[in-house]
Amino acid sequence: MARISLRDVEKRYTSELVLRDCDLDIDDHEFVVLVGPSGSGKTTLLRIIAGLEPLSGGEVYFDDTLVNDVDVGDRDVAMVFQNYGLYPHMSVYENMAFGLKRRGLPKDQIETQVNRTADLLGIEPMLKRRPKQLSGGQRQRVALGRAIVRDPAVFLLDEPLSNLDAHLRVQMRAEILKVHRTVSATAVYVTHDQIEALTMGDRIVVMRDGLIQQVGTPEDLYDNPANRFVAGFIGTPAMGFTRCTVQRTEQGTELTRNGVRIPLPQHRAAAIPPDVDVVDVGLRPERLMLQRQSDDLGTVSGVVQMVEQLGAEYYVYVDVDGDLLTARAPRDQRVHVDDKVRLSTDGAFVHTFDTESGVAYA
């Protein structure tokens with residue numbers, strides 16, 4: 001196993017700075033997911049950990065050993081890529097055994113390790129086949145097996161499920177987690193899919209424009225996002241946002257907009273600096289209640305733009321004065337596009353952000 005530590009990591013391509021001020025500690029046997037939109041720097045950071053990219057600045061440690069100048073072949077890492085990277089002229093067995101043969105392991109030891117790994121991944125019946133005879137999911141299992149069979153200290157996965165259909169992605173997520181519980185390696189997984197990040201990671205690293213925005217457990221990131229970007233990126237459907245005025249009176253603090261008033265509990269109100277009068281307000285779909293326009297209840301009116309059916313429940317996308325808010329509703333609460341509805345919420349569940357920096361207040 002290995003601890004991974006990044007200190008002030010920076011990467012520059014000619015004049016373009018693609019990574020900056022990256023600090024991260026990954027514990028032994030931890031499964032950490034790097035997530036962010038395309039171009040956020042997550043794959044570059046993974047390749048720096050692997051030794052495939054030289055640093056422009058900063059330090060990388062495995063345990064307490066500085067590995068900046070250690071070649072990729074000497075870092076005891078194994079990688080799984082999006083495109084599988086299998087040798088088409090070799091059988092599954094030969095693909096999995098290739099790295100072990102290059103290391104000069106005895107034939108009987110190679111056979112033992114390949115068979116053990118094949119059994120773990122359920123690909124024993126395929127050992128004599130060639131990659132072209134396998135499905136996409138089977139090829140990905142072989143690619144995983146070729147990495148696992150080496151028993152590396154660090155296991156790096158770069159969007160390995162991108163080429164699979166939705167059903168296989170779910171299945172392979174479970175397979176990867178099962179494998180990780182079985183082996184002793186530390187795992188770093190790159191994806192742009194925040195659902196994969198939430199369901200797989202012990203901790204998640206959210207990246208944007210070469211900067212680490214927040215590091216935390218899935219619960220931390222969902223419940224306590226550090227800024228508006230993280231709040232909008234983590235969660236499906238995404239958090240909705242609207243801008244409100246902060247009204248302070250002797251009776252308490254309220255968020256107001258167009259006559260709508262949302263009282264804030266004391267701890268939420270105290271987080272907003274006293275000189276701030278306008279905030280961006282974030283609302284999760286499950287914290288918004290949906291009523292018909294004719295009902296007396298509700299805090300804000302809007303028009304339904306889209307209804308997303310999900311079987312047992314559905315999501316209603318509502319245009320509120322130009323802002324799109326999403327409410328989760330039970331199956332029996334039917335609404336249709338162009339219906340007028342009201343949305344209500346509890347101030348205890350709102351998130352507030354600085355209108356310029358996007359930093360979270362509460």
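T352 is found in strand β20 (residues 351-353) of a predicted model, in which local features need pLDDT of at least 70, side-chain atom pairs count only at pLDDT 80 or more, and totals for chains, interfaces and linings use all residues. Residues are numbered from 1 along each chain as its sequence is written, and side-chain values use heavy atoms, with hydrogens and water left out. Strands (E, at least two residues) and helices (H or I, at least four) are DSSP runs, numbered from the N terminus. With a relative accessible area of 2%, T352 is buried; buried means under 20% relative accessible area, exposed over 50% and partly exposed in between, for a 1.4 Å probe and protein chains only. Leaving aside neighbours within four places in sequence, T352 is in contact with L255, I272, V279, D280, V281, V359, A360, Y361 and A362, where contact means heavy atoms within 4.5 Å.

L283 counts as buried because its relative accessibility is 5%. Not counting residues up to four places away in sequence, L283 touches M239, G240, L288, L325, T345 and V350. The C-alpha atoms of L283 and G347 are separated by 9.8 Å, while the two residues lie 64 residues apart along the chain.

Turning to the whole protein, there are nine helices and 20 strands. The C-alpha atoms fill a box of roughly 80 × 45 × 35 Å, taken along the principal axes. Of the 362 residues, 49% count as buried. Among contacts between residues at least 6 apart in sequence, 66% join residues at least 24 apart. The UniProt record, an unreviewed entry, places the feature "domain: ABC transporter" at residues 4-234; such positions are given in the numbering used here, feature names are shortened, and annotations may be inferred rather than shown by experiment. Over residues 4-234 the chain is 36% helix and 26% strand, with the end C-alpha atoms 25 Å apart.

Helix α1 (residues 42-50) is largely enclosed by the rest of the structure, because seven of its nine residues are buried. These buried residues are K42, T44, L45, L46, I48, I49 and A50. After α1 comes G51, whose phi is positive, near 95 degrees.

Helix packing comes next. Two packed helices are described by the angle between their axes and the distance between the axes. Here axes are lines fitted to C-alpha atoms, for helices over the stretch in contact, and angles run from 0 to 180 degrees between N-to-C directions. The axes of α2 (residues 92-102) and α4 (residues 136-148) come within 8 Å and cross at roughly 30 degrees. That makes α2 roughly parallel to α4; angles under 35 degrees count as roughly parallel, over 145 as roughly antiparallel, 65 to 115 as roughly perpendicular and the rest as oblique. In this contact, V92, N95 and M96 of α2 meet V142, G145 and R146 of α4. The residues of the contact divide into three nonpolar, two polar and one charged, with Ala, Val, Leu, Ile, Met, Phe, Trp, Tyr, Cys and Pro taken as nonpolar, Asp, Glu, Lys and Arg as charged, and the others, Gly among them, as polar.

Helix α2 also packs with α3 (residues 107-121), at an angle of about 135 degrees and with the axes 10 Å apart. That makes α2 oblique to α3. On the α2 side the contact is made by Y93, M96, A97, L100 and K101, and on the α3 side by I110, E111, Q113, V114, N115, T117 and A118. Seven nonpolar, three polar and two charged residues make up this contact of α2 with α3.
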